Amino acid sequence: MTDGVERAVAAAFREEWGRVVATLIRMTGDWDLAEECAQEAFARALERWPDDGVPRRPGAWLTTTARNHALNRIRRGATETEKLRELATMTGPQEPPGPGGVPDDRLRLIFTCCHPALPIEARVALTLRALLGLTTGEIARAFLVAEPAMAQRLVRAKRKIRQAGIPYRVPAAHLLPERTTSVLGVVYLLFNEGYAASEGADPVRVDLCAEAIRLARVLHGLMPGDPETAGLLALLLLQDSRRAARQDEAGDLVPLDEQDRERWDRGAIAEGVELLDGALRRGTPGPYQVQAAIAACHANARTAAETDWPQIAALYGRLEAMNPGPVVRLNRAVAVAMADGPRAGLALLDAIEGLDGYHLFPAARADLLRRLGRNEEAAAAYREALGLARTEPDRRFLTRRLREAASRP
């Protein structure tokens, strides 16, 4: 097998997995069957594409192959009556567009996963599994929980969808608000996995960032009066505006304070700020609007020295009151360190619990210890972070920091 084919299959997985699975779920109504047949289609691509060549439309090839696998499975395992019913479903016309004319299986998948009958964390986890093909381990790390516990959540969520007969569609407009929080959470985590990948050679997955922004635009079109939907789209645009400056030519990470701000996307910043201003005028600020305001503080600073860290620290304090999770506390501690000095930030950092296994926690602690001149402790914390980091650019960055700290008395 050539490297080119392997790269093509990997690219197709990143770009097409969600489409293939979503289409099969609509066709069969069976979540496990959809995932299994999608996996079989990608395995077949690894076998066939080296000889047949990469198809002009890889997604169509994969969907057809997966559908044929599903068809064969249904024929082998169903009674004649059930088989005919399933075949009619699979070969019938596509479901008409949902509200707002959105003929998007992936959006239907998100809304199905985010049904209010499911626990909120299960909603998000199931969507990440079905839409992105993330492994159970990757999803567990995103939620900072053990992998077996996450596996059980996924099993229970699929069982609930099947037993409750939850329909696979975008709900009517009057039912959208009851799912908004979960749906926005899914799109937010989708973007985060693209903007800071949990593992692999590349810390940025451009395809996931673009898909998250696309879905956020669709949701904003469905719910134009919802300020948190606008806030999320603003946040994603403002964050993504810095993407080109986050790595140097060698692929190494560039910290925010060292980035070339001329490379930031000013068009995305302007759109994000406009969306944020419109959302805030409604007078009901929520977590995504607050995070977008933090991102806007960074985007509007012409230089790193001009960053309004006291304002950012205050916004993180407000965000912590809305969403008192350990990652928010970590970010607030870093902002306080920038505003009031590393000693103040370290005191907040050392009081945080619940971030075991999260490499950015010891990395942040190491940075504050380094700034305080406690280089031996900083080196130990960098070693801890390095042992937890899962992407090559993260490891290279932490290795450089460790060498710097270890070389100082």
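**Contacts, helices and charged pairs**

Visitor: Leaving aside neighbours within four places in sequence, what is Asn-375 in contact with?

Guide: Asn-375 is in contact with Arg-370, Ala-405, Arg-408 and Pro-409, once its neighbours within four places in sequence are left out. Contact means heavy atoms within 4.5 Å.

Visitor: What sort of model is this?

Guide: This is a predicted model, in which local features need pLDDT of at least 70 and side-chain atom pairs count only at pLDDT 80 or more, while totals for chains, interfaces and linings use all residues. Residues are numbered from 1 along each chain as its sequence is written, and side-chain values use heavy atoms, with hydrogens and water left out.

Visitor: Back to Asn-375. Which helix is it in, and is it buried or exposed?

Guide: Asn-375 lies in helix H18, residues 375-388. Helices are DSSP runs (H or I, at least four residues), numbered from the N terminus, as are strands (E, at least two). Asn-375 has 8% relative accessibility, so it counts as buried. The cut-offs are under 20% relative accessible area for buried, over 50% for exposed, and partly exposed in between, with a 1.4 Å probe and protein chains only.

Visitor: New topic. How many disulfides are there?

Guide: The structure holds zero disulfides. Cys-37 is in none, and the nearest cysteine sulfur, in Cys-113, is 18 Å away. A disulfide here is a pair of cysteine sulfur atoms within 2.5 Å.

Visitor: Where does H2 run, and how many residues does it have?

Guide: H2 covers residues 31-52 and has 22 residues. From its first C-alpha to its last it reaches 30 Å, close to the 32 Å expected at 1.5 Å a residue. The expected span is 1.5 Å times one less than the number of residues.

Visitor: Where is the kink in H2?

Guide: At Leu-46, where the kink is about 35°, shortly before the proline Pro-50. The bend at a residue is the angle between axes fitted to the seven residues ending there and the seven starting there.

Visitor: What caps the N-terminal end of H2, and what follows the helix?

Guide: Asp-30 caps the N-terminal end, with a side-chain oxygen 3.1 Å from the backbone nitrogen of Asp-32. H2 is followed by Gly-53, which has a positive phi, near 90°.

Visitor: Which residues of H2 are buried?

Guide: Among them are Trp-31, Glu-35, Cys-37, Phe-42 and Trp-49. Glu-35 also belongs to a network of salt bridges with Asp-32, Arg-129 and Lys-158. A salt bridge is a side-chain nitrogen of Lys or Arg within 4 Å of a carboxyl oxygen of Asp or Glu.

Visitor: How many salt bridges by this rule?

Guide: The count comes to 21. One of these bridges joins Arg-214 and Glu-211, at 3.0 Å from N to O. Both residues lie in helix H10 (residues 206-222), three residues apart, about one turn of the helix. Arg-214 is partly exposed at 29%, whereas Glu-211 is buried at 14%.

Visitor: Which salt bridge links distant parts of the chain?

Guide: Asp-252 forms one with Arg-400, and the closest N and O atoms are 3.6 Å apart. Asp-252 sits in the loop between H11 (227-240) and H12 (266-280), Arg-400 in H19 (residues 392-406), and the two are 148 residues apart. Asp-252 is buried, at 15%, and Arg-400 is partly exposed, at 30%.

Visitor: And what does Asp-350 form a salt bridge with?

Guide: Arg-365, with the closest N and O atoms 2.8 Å apart. Asp-350 is in the loop between H16 (342-349) and H17 (360-371) and Arg-365 is in H17, so the pair ties together parts 15 residues apart in sequence. Asp-350 counts as partly exposed, at 44%.

Visitor: Last one. How many residues of H13 are buried, and what covers them?

Guide: Twelve of the 14 residues of H13 are buried, including Tyr-288, Cys-297 and His-298. The cover includes H9 (177-195), H11, H12 and H14 (309-322).

Conventions:
A polar contact is a pair of N or O atoms within 3.5 Å; within protein, one must be able to donate a hydrogen and the other to accept it, and residues adjacent in sequence count only if both atoms are side-chain atoms.
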